[in-house]
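Please open the model in your viewer and keep the selection panel at hand. The tour below moves from one selection to the next and says what is there.

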Amino acid sequence: MIVNFSFFLLLFVSVFVSSADSKATISISPNALNRSGDSVVIQWSGVDSPSDLDWLGLYSPPESPNDHFIGYKFLNESSTWKDGFGSISLPLTNLRSNYTFRIFRWSESEIDPKHKDHDQNPLPGTKHLLAESEQLTFGSGVGMPEQIHLSFTNMVNTMRVMFVAGDGEERFVRYGESKDLLGNSAAARGMRYEREHMCDSPANSTIGWRDPGWIFDTVMKNLNDGVRYYYQVGSDSKGWSEIHSYIARDVTAEETVAFMFGDMGCATPYTTFIRTQDESISTVKWILRDIEALGDKPAMISHIGDISYARGYSWVWDEFFAQVEPIASTVPYHVCIGNHEYDFSTQPWKPDWAASIYGNDGGGECGVPYSLKFNMPGNSSESTGMKAPPTRNLYYSYDMGTVHFVYISTETNFLKGGSQYEFIKRDLESVDRKKTPFVVVQGHRPMYTTSNEVRDTMIRQKMVEHLEPLFVKNNVTLALWGHVHRYERFCPISNNTCGTQWQGNPVHLVIGMAGQDWQPIWQPRPNHPDLPIFPQPEQSMYRTGEFGYTRLVANKEKLTVSFVGNHDGEVHDTVEMLASGVVISGSKESTKIPNLKTVPASATLMGKSESNALWYAKGAGLMVVGVLLGFIIGFFTRGKKSSSGNRWIPVKNEET
């Protein structure tokens, strides 16, 4: 008995000591993913005395230092975290490198108030590593083509396709009018950029730089107007993408459809160093719905600046392209440059009056990822004055159906005498109005806005001085702008004065509401200091803090632009511009896309379809109604972005 008792006592002590010395463990399932968007389940156990600051870090490549994580999640997102174990499921994007996952203990006493993200939240500390997982791989998927996106070229019977793969081995596109017979083929040219091409941190630092992979570019030729084509990209040795399709451009079409917005960015399934844009998910969702509703009608997308908001953190570009691939692989995805793609401290064009305008908003990218990941029509470019290749995709134009589209750069020289000014002048003067009765100009920073955007005051004045006379003289129909993260529509306007027709008075719209939620308040009016919603100046016909995008539909007689809100996918404002010059504000007509409902502008709070007196009366009454709570929050919330929902955040001028 004594022997047996000693045996059990020894066993008990052994088990107790083993338990006391046990360490946290972490495992993943599966160990390999096939492509971007596939999910991994991360499980952990053995976390003693769990804290709500314990966190999980994502690392790629696996040898990254502890403080160079891609992103992080707090363990308290698992319902069992208090018991020292749990799991989190994460969809991952292929970064052409393996992942690993690490768990850390972090305490309040170790919070570093100087080490913060863009929301001014302290970034988690890495002093106490509890466990690290084995590596997760994408296996053969590393070489598979991803991030597929289309665009027009200078030739009307062509379509450009670009994509990314993990190596520079030759890739192709094969295409045809039947999914079962992709009889045409074209080789894709591979290119890449390097860390030394970045001009500042974080883009050229260890914490921001990641291998961007190889960017492939090729053109599908000899397309028949308005015909659906099927295509896939890749190679026999590295694998092929799934088959996608698009409708070839038809410049003689009687109808033009476009989906247009700015400042969208992307969402990530984890928290990272910078603010990401959760609302971008809804924007992509509703546009995909609209594209599917079109059937065999061609369309295109315009994203007018502030594309991914990577701001020097390379992997955010990968997240962006993975998110937009469902729409960008189906219709041409066109862009113009914004401050968050380009601006850097030593950029070549920075006149005295713009010293406070052009900052370091590009995060050290100096336009390089934007220039190589997209290839727009035309050949505009500007030297960066550094090791970086010239910045391209600055200004260009093309016809689509009944509309002539022009894209300009507000980040490089647009003044009279410069190359861009001369391009805009020649382009607008050469438009055949019998062929394309409507002209739409797009750029990032707005010429007109009633937001309290003090920083850009001088650039707006310079645009009115140098560019507006070209717009007025050449009868530009519509001018679209981003940068201000709201939707606002102006009257037909020139020199800050409303006109009666768009001929000589372009209609300006600010459409930077596709995802980013940092924003200054509307410009206050000193004669109305006590009103919770600043009254609109006469020039502003409609403005809102709602996220969304615009839908353009045009034929020979009429161009219609509708604002679609993300909260319900319905139309909340509409303006019609007739070929005769007449502008119809707040039309109740449908935009003629089947299966899409339309809400009359008169049903919205900020529309000017009613008299000012009636608007004030209704506004005062409606503000006490609960249905407007979200709208008011949209204008005045001053808290930081929370995990429970998206709110509009007033922003310092330099953060726009």
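Predicted model: local features only at pLDDT ≥ 70, side-chain atom pairs only at ≥ 80, totals over all residues.

Begin by selecting Asn339, His483, Val484 and His485, the positions at which the UniProt record places the feature "binding site". Although they span 147 residues in sequence, no two of their C-alpha atoms are more than 13.4 Å apart, so they gather at one spot.

Next, colour β24 (478-481) and β25 (487-494), and look at the loop between them, where His483 is found and where His485 also has its place. With a relative accessibility of 2%, which is under the 20% cut-off, His483 counts as buried; its side chain is joined to that of Asn339 by a polar contact of 3.3 Å. His485 is likewise buried, at a relative accessible area of 0%, and the side chain of His485 makes a polar contact of 3.2 Å with the side chain of Asp263.

Now turn to the helices, selecting α2 (residues 280-294) together with α3 (residues 315-328), which pack at an angle of about 15° with their axes 9 Å apart. Because angles under 35 degrees count as roughly parallel, α2 is roughly parallel to α3, and the crossing of the two is left-handed. To display the contact itself, show Ser280, Ile281, Val284, Ile287, Leu288 and Ile291 in α2, which meet Gln323, Val324, Pro326 and Ile327 in α3.

Note on methods: Residues numbered from 1 in each chain as written. Heavy atoms only, no water. UniProt positions renumbered as here; feature names shortened; annotations may be inferred. Helix = DSSP H or I, 4+ residues; strand = E, 2+ residues; numbered from the N terminus. Buried < 20%, exposed > 50% of the residue type's maximum accessible area, 1.4 Å probe, protein only. Polar contact = N/O pair within 3.5 Å; in protein donor to acceptor, adjacent residues only side chain to side chain. Axes fitted to C-alpha atoms, helices over the stretch in contact; angles between N-to-C directions. Parallel < 35°, antiparallel > 145°, perpendicular 65-115°, else oblique. Left-handed = near helix turned anticlockwise from the far one by under 90°. Contact = heavy atoms within 4.5 Å.
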